[in-house]
Amino acid sequence: MTRDADPLVEDLVVLFTGLHEVLVGQAAAPSAVTQIAQLAVHLIGPAAGAGVSLLEPDGSEVTAAATDTVIEAIDGVQDELGEGPCLSAWASALTERVEDPGADIRWPGWSTAVARMGVGAVLAVPLVAGGQTLGVIKVYATTPHAFSATDERSLELVAGALAALLTGGQASQDPPRVSTALRAVLTRQQTIDTATGVLMERHHLDRSQARARLQGTAEHEHQSVPEAARRLLDPLEGPVQ
């Protein structure tokens, strides 16, 4: 859906004015985060749903919300596998655009899982302010190649305005705590990548096969993928078969 600049700006002004007091007064309150996800669907025409993940100002936890339970389940796939465009956008502070999960090989486990769940396209934009990534806002479509360059720019405008709003009342000592929380996310990702590399070398597998083996072990042992990865790398634990 193509929008002229003026209506988009007017929408942003009206909607963010309404959210200002909630965000400033309650930080990343769940109700506010849900409103932001709904805002993204309102502004991005092809979006069938949206989700937002935000670090609390003290960096202690992530508050997440989605427009419906289906989106919650889709978001949960990334948390479970430790891979996907949202985690990548968070880690790199760059927008990630997935035109068709079925044809995207960057995150094989995630792509296979969400394609089966009916995801056709994804836009994930980091919330960046003062050199710190405070979270991610993402929208999902049910058909491939659904999002245009205009849609991407619109979501980036939302992300920029939200990041500025979130940091407006934070004290100067907050960014180091945010960095600590972000490092925890990156550490989990690195653990999975390292375990995948170990399986590749040990069993002469390619990356996709190794990740599938790690995921299969996690399911068999009723663990998350990060837990299975940590177990593999722990010398006191038995090897992943």
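Okay, Glu152 and Arg97: these two form a salt bridge, with the closest N and O atoms 2.9 Å apart. By salt bridge I mean a side-chain nitrogen of Lys or Arg within 4 Å of a carboxyl oxygen of Asp or Glu. Glu152 sits in helix H6 (residues 149-167) and Arg97 in strand E3, so this pair ties together parts that are 55 residues apart in sequence. Helices (H or I, at least four residues) and strands (E, at least two) are DSSP runs here, numbered from the N terminus.

Before I go on, this is a predicted model: local features need pLDDT of at least 70, side-chain atom pairs count only at pLDDT 80 or more, and totals for chains, interfaces and linings use all residues. Residues are numbered from 1 along each chain as its sequence is written, and side-chain values use heavy atoms, with hydrogens and water left out.

So how exposed is that pair? Glu152 counts as buried at 19% relative accessibility, while Arg97 counts as partly exposed at 25%. The cut-offs: buried is under 20% relative accessible area, exposed is over 50%, and partly exposed is in between, with a 1.4 Å probe and protein chains only.

The structure holds five salt bridges, and a few of them join up. Glu96, Asp104 and Arg106 are linked in a network of salt bridges. Glu96 meets Arg106 side chain to side chain at 2.9 Å, N to O. Glu96 is in strand E3 (residues 96-98) and Arg106 is in the loop between E3 and helix H5 (108-116), so that contact ties together parts 10 residues apart in sequence. Arg106 also bridges to Asp104, with the closest N and O atoms 2.7 Å apart. On accessibility, Glu96 counts as buried at 12%, Asp104 counts as buried at 14%, and Arg106 counts as partly exposed at 39%.

Now over to helix H3, residues 69-81. Those 13 residues reach 19 Å from first C-alpha to last, close to the 18 Å expected at 1.5 Å a residue; the expected span is 1.5 Å times one less than the number of residues.

Which residues are buried in H3? Ile71, Ile74, Asp75, Val77, Gln78 and Leu81.

After H3 comes Gly82, whose phi is positive, near 75 degrees.
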